[in-house]
Amino acid sequence: MKNNLAIPFSLLGSFTALCITIIAVFILAIGTAFAHVHEHDDTNNAAQTIYSPRQIDQLLDNSTRPDFDARQLTPVLDYLEHIAAETELSAKQRMFYARLLQHEHRFAEAQVQLNLLLEMNPLNSQARLLLANVALNQGNAEKAVQLCERLVGQTDLIVATTCLLEARMQQSPSTEHYKQLVNLTRFSARAPINVQTWLNEVLADMALYAEQPSQAITHCEETDFKNWPVSTWASWSKAKIALGEGQDILTRLSPYIENIAVPNDSMLLYLALAEQQVGTTDKWIKKMAQRVQLRELHNDTTHAAEVALYYLHLAEQPEQALTWATLNWENAKSLNDRLLLEQAKSANRLIASR
């Protein structure tokens, strides 16, 4: 028997702004959409491990994939922290460092590194774009809009305009931003595939906000799913869940992470939600429950949004959902983080009124 999930369309956008604008950073050769897993491997000695820019670049590129094990990034962050403490980071190392700090939800520290880069080179569009995303993570959409406006003339028009419309969506949610971005697609036919993937993902999230999940799926599927980063998989999965098509998620996504020791939290969540919707197995539901227990054991709040949604829709424990939604809000303050907190509060009010 299928379990039809009642997840508000507004929450079917990204859990945080990380899942929208950040692909643009990948477009500018930084990398995006990390799988957030914090298992520790004591065999890695950061002070003794040296990573070349090429190695770091390759790891960040690979980290966009749903089958990436993010434990590989821990020693890289340790290495960059060691370099930063002992000597001076190069501009490229500083950019990598800022991206990893953002990944860890250390937004204030990432902001410091990016501001340093812009002081050295005010025309650094990579740093400006990532700084705009960090501003969204911190709930400062007005600052993000200003940063995106500065990108006009510095980088490709599609990248600058998409950044700007996403920031304006955070600043003042409206389906008008979606319509404006749809109009931009006529200029994207000759854009690189990663630019098209990013643009279509942003369109998908905006379509979900406009309560158009079918259109969201159409946007995602404009590019081959084999090229999708984690964040596009998330957008597509949200739309599929909204339409009651969880089986498609199980069929298409599960092969990518079936044999991964530590799958991405977001991917686990959507497979679990799909499995709950289909109602025939509970393998992914159990795996997601185990992941939540791990997060709680390590007091790991970088995945608080996924944990909150687990308690809302899988474990059906509104009080726990509110606890984790509140923890998430302490770390990240994008539009969707606020909507998640409101949904958790609403679920608790409903329980209290019975």
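Is E211 buried or exposed? Before you select anything, keep in mind that this is a predicted model. Now pick E211: its relative accessible area is 55%, and since the cut-off for exposed is over 50%, E211 counts as exposed. Around the selection you'll find a loop, the one that runs between α10 (193-209) and α11 (213-220). Check the backbone while you're there: E211 isn't a glycine, yet its phi is positive, at about 60°.

Next stop: E316. Which loop holds E316? Look between α16 (304-313) and α17 (318-331). Phi is worth a glance here too, as E316 has a positive value near 55° without being a glycine. As for the surface, E316 is exposed, with a relative accessibility of 55%.

Now leave the loops and jump to a helix. Select α13, residues 246-257, and zoom in on S254. Is S254 buried or exposed? With a relative accessible area of 10%, S254 falls under the 20% cut-off, so it is buried.

What does S254 touch, once neighbours within four places in sequence are set aside? Show I249, L271 and W284: these are the residues in contact with S254.

Technical notes: Residues are numbered from 1 along each chain as its sequence is written. This is a predicted model: local features need pLDDT of at least 70, side-chain atom pairs count only at pLDDT 80 or more; totals for chains, interfaces and linings use all residues. Side-chain values use heavy atoms; hydrogens and water are left out. Helices (H or I, at least four residues) and strands (E, at least two) are DSSP runs, numbered from the N terminus. Buried means under 20% relative accessible area, exposed over 50%, partly exposed in between (1.4 Å probe, protein chains only). Contact means heavy atoms within 4.5 Å.
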